[in-house]
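Student: I have a structure to look at and would like to go through it with you. Could we take it step by step?

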Amino acid sequence: MNSLTLYDTMARRKRVFEPIDPDRVTMYVCGPTVYSYAHIGNARPAVVFDTLFRVLQHLYGADQVVYARNITDIDDKIIKASKESGKPISEITQHYAEIYRADMGALGVGRPTIEPHATDHVDGMIAMIRTLVDSGHAYAAEGHVLFSVSSYERYGALSRRSLDDMIAGARVEVAPYKKAPGDFVLWKPSKDDEPGWDSPWGRGRPGWHLECSAMTEQHLGETFDIHGGGTDLVFPHHENEIAQSVCAHGGASMANYWLHNGFLTMGTDKMSKSLGNVQLVHELIEEWPGEVLRYALLTAHYRAPLTWTRDLLAKTRRSLDRVYGVLRRLGDVEAADVPAPDPFLDAVLDDLNTPKALSELFQIAGEANKAETEAAKAKAKGELLAAGALLGLGQADPDDWFGLTALSAGERAEIDDLIVQRQAAREAKDWGKADEIRDRLNELKVQVDDGPEGSTWRKVTE
């Protein structure tokens, strides 16, 4: 079995993962800014890094991995939402943080080990700013404190762009108090009707980039193993995080591995409010099982773009039906306590190659379906469940998945018998008999899907 390799954005290549301390593997992922509902694009990093969290726990032990994903609960968008709604900021942020947790939970995303809130770490942010000012990496100007980009010679190493290119390609605020256009805000003054904290530079609030640096410092240390987020965060957010953290910590690296997931697109367009093509997780889970959404997000390699369509979701549901169909047929078999097979593990350990891992999952399902002895069935079922657990798939009750729990034993037996009769008629090429049985199944509001592992059925409620 191979070692875990991860594509490091800083190195621009895959690297074998070697944690600083195997007994305390550390990962930080930029979490949500809680002022509204999360869209499906926001769910991609949540699912990707939840999967990596599962893989790390598999390798190092459930209690040996510390996963921090923050909550940004102070931000211009949050303040705007508060003013527009007339509701207190705390009410808005608590409300949408709970919705985010519930929506991601529906996609099988577990809670991180630590969920730091930005507003609980302002003292640490002020202390970091003091260090940066005292060491000549930051300066105060008109109630603001700004990081001096020219003071950090490796600025731009993550995004591999010159400072001039980065400024030209970004919305850089032109302000008279800046010494250079690329200098970014660490602290800014708050208006009377905005939240603020007392500081040596006056009443104000922290800049967004600073929040993550202070939270990782407190919970994971000056240098930690993995920093993750969307590719849109490479510049300026992660570039700025690195600059302020490295300079505040005497040159120590912030993170040893930088991972970034690709964009999710709707057709040929990036999802955006201006295009009116934003799909909220909160609404999608009313129509589709959360596991379907999770599976769909894993169908492309995490670094590649992913096109989101209804066809993808329909195909994903059929794929999960195949997995749960096998598990239902093995319902009376006690799964053996075995690991996932090596070909599956090799796929997930190769920079989270989830498309290959899903292909291997169906190889396992096929073998489980063909198993004849009780021992072979137990082993195959155990391998299928173990592999599924690493991806966050196939762990529900098959009867729940197919909507069968509300049926009586007699109703289920009748439908199962009709499915067997229909299959026999199809094998005998008695198409009239097969159609007759299909009509009866339609009357019973039963949807039948035929696949390589046999036929599966579910009750149709609508």
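Student: In which strand is Asp8 found?

Tutor: Please keep in mind that this is a predicted model. Asp8 is found in strand β1, which covers residues 5-8.

Student: Is Asp8 buried or exposed?

Tutor: Asp8 is buried, because its relative accessible area is 3% and buried means under 20%.

Student: Which residues is Asp8 in contact with, leaving aside its neighbours within four places in sequence?

Tutor: With those neighbours set aside, Asp8 is in contact with Arg13, Arg15, Asn256, Tyr257 and Trp258.

Student: Over how many bridges do β3 and β9 pair?

Tutor: Strand β3 (residues 25-29) and strand β9 (residues 224-230) pair over three bridges, in the parallel sense. Met27, for instance, has Ile226 in β9 as its bridge partner.

Student: Where is Arg69 found?

Tutor: Arg69 is in strand β4, which spans residues 65-69. Arg69 is buried, with a relative accessible area of 4%. Beyond the neighbours within four places in sequence, its contacts include Val29, Tyr100, Ile114 and Glu115.

Student: Now the helices. At what angle do α4 and α7 pack?

Tutor: Helix α4 (residues 122-134) and helix α7 (residues 234-248) pack at about 75°, and their axes are 9 Å apart. That angle makes α4 roughly perpendicular to α7.

Student: Which residues make the contact?

Tutor: Met128, Thr131 and Leu132 contribute from α4, while Gln244, Cys247 and Ala248 contribute from α7. Of the residues in this contact, four are nonpolar, two are polar and none is charged.

Student: What is the peptide bond from Phe235 to Pro236 like, cis or trans?

Tutor: That bond is cis, with omega near 5°. Pro236 has its place in helix α7.

Student: Why point that out?

Tutor: Because most peptide bonds are trans. Likewise, most residues other than glycine have a negative phi.

Student: What is the phi of Lys429, then?

Tutor: Lys429 has a positive phi of about 60°, although it is not a glycine. Its place is in the loop between α15 (409-427) and α16 (431-443). Lys429 is exposed, with a relative accessible area of 59%.

Student: And what about the phi of Lys445?

Tutor: The phi of Lys445 is near 60°, which is a positive value in a residue other than glycine. Lys445 lies in the loop between α16 and β14 (446-451).

Technical notes. Residues numbered from 1 in each chain as written. Predicted model: local features only at pLDDT ≥ 70, side-chain atom pairs only at ≥ 80, totals over all residues. Heavy atoms only, no water. Axes fitted to C-alpha atoms, helices over the stretch in contact; angles between N-to-C directions. Helix = DSSP H or I, 4+ residues; strand = E, 2+ residues; numbered from the N terminus. Parallel < 35°, antiparallel > 145°, perpendicular 65-115°, else oblique. Contact = heavy atoms within 4.5 Å. Nonpolar A, V, L, I, M, F, W, Y, C, P; charged D, E, K, R; others polar. Buried < 20%, exposed > 50% of the residue type's maximum accessible area, 1.4 Å probe, protein only. Pairing = 2+ DSSP bridges.
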